[in-house]
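Please view the sequence and the model together before reading on.

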Amino acid sequence: MIKMNRISLIIFFALFLPVISGNCLFAQNKTICLTTDPWEPYYGPDLEKGGVFTEIVRAAFKIEGYELEVKFVPWKRALESSKQGICSGLLGAFYTEERTHNFQYSDPITETRIVFITKIDKAIQYKRLQELSSYTIGTIRGYSYSQEFDSATYLKKEEVTTTEQNLNKLLADRIDIFIDSEEVAAWLLQKKFKEVAHLVRIIEPVYTVKKLYVPISKNIKNYQKIVNDLNNGIKKIKENGTYEAILEHFPAAKAMAP
């Protein structure tokens, strides 16, 4: 009888110990999948370490025991797949009240200046949005710039899918202005349009300053815990110097810190 019990125990451990161990390993290997469209120099598939924003988010998750996976797709697809919980959330987005129905926002991670950009030979000035109503303004499909701008039906807006497309349209005089992040436009002009960068200018004043967040889908399990962990991670890497070290590693990123 004792011999049979020993045999039974051996069979039990042979069958179930690998399963138990596997589950423990799985639990420890927590992977967060975030998706977005390329938005250099903040994030992009061709940037070192995926860009400064990616590296900050990765470090914050890592200190809380998570691994980060990033998928770069067009913005509208990123938004929809995250809403449905196919991916855990978005790697960088502005806050909108509408999105809070589908996403739980993290604390702000970085910020960016939103500006209007035109050609240097165009004498366009403004103090209020209404003063831009006679111009064609390039935007990016699915982006939210501000409640005021998004709802301004009196503005003539043309959508594209990338900042580069808007810049090409501006240089070809197919639009008068486009709205975008000052840092994103500056990076693009330096990296891909250096020879014609002198033909482009920012229309003063800066339109607004927007904070960038990581919204986590409410259609995944434990979304609130994930957001709490990310917030804790951000706090920890700011306290231990990692956040500042990442900014120092990316010289163009110093202006991005909130």
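How much space lies in the largest cavity? In this predicted model, the largest cavity holds about 100 Å³ of space, and the structure has one cavity of 30 Å³ or more. Its lining is made up of Thr36, Asp37, Trp39, Tyr43, Trp75, Gly92, Ala93, Phe94, Arg99, Tyr143, Ser144 and Leu212. By residue class, that lining of the largest cavity comprises seven nonpolar, three polar and two charged residues.

Turning to the sheet, five strands form an open arrangement in the order S7-S6-S8-S5-S9, and the pairing is mixed. Strands S7 and S9 are the edges, each pairing on one side only, and from one strand to the next the twist averages 25 degrees. Helix H5, which spans residues 163-171, packs on this sheet and touches S5, S6, S7, S8 and S9, while its direction makes about 150 degrees with that of S8.

| Strand | Residues |
|---|---|
| S5 | 110-119 |
| S6 | 136-140 |
| S7 | 156-160 |
| S8 | 177-181 |
| S9 | 200-212 |

Strands of a sheet pair through backbone hydrogen bonds, in either a parallel or an antiparallel manner. Here S6 and S7 run parallel and are joined by five bridges; within this pairing, Ile137 has Lys157 in S7 as its bridge partner. Leu212, one of the residues that line the largest cavity, falls at the end of the range 200-212 given for the edge strand S9.

Note on methods:
Residues are numbered from 1 along each chain as its sequence is written. This is a predicted model: local features need pLDDT of at least 70, side-chain atom pairs count only at pLDDT 80 or more; totals for chains, interfaces and linings use all residues. Side-chain values use heavy atoms; hydrogens and water are left out. On a 1 Å grid over the protein atoms alone, a cavity is a set of points where a 1.4 Å probe fits but cannot get out, and a pocket is an open set with protein on both sides within 12 Å along at least five of seven lines; lining residues have an atom within 4 Å of a point. Grid points are joined across faces, edges and corners, and a volume is the space filled by probe spheres set on the points. Ala, Val, Leu, Ile, Met, Phe, Trp, Tyr, Cys and Pro count as nonpolar, Asp, Glu, Lys and Arg as charged, and the others, Gly among them, as polar. Two strands pair if DSSP finds at least two bridges between them. Helices (H or I, at least four residues) and strands (E, at least two) are DSSP runs, numbered from the N terminus. Axes are lines fitted to C-alpha atoms, for helices over the stretch in contact, and angles run from 0 to 180 degrees between N-to-C directions. Contact means heavy atoms within 4.5 Å.
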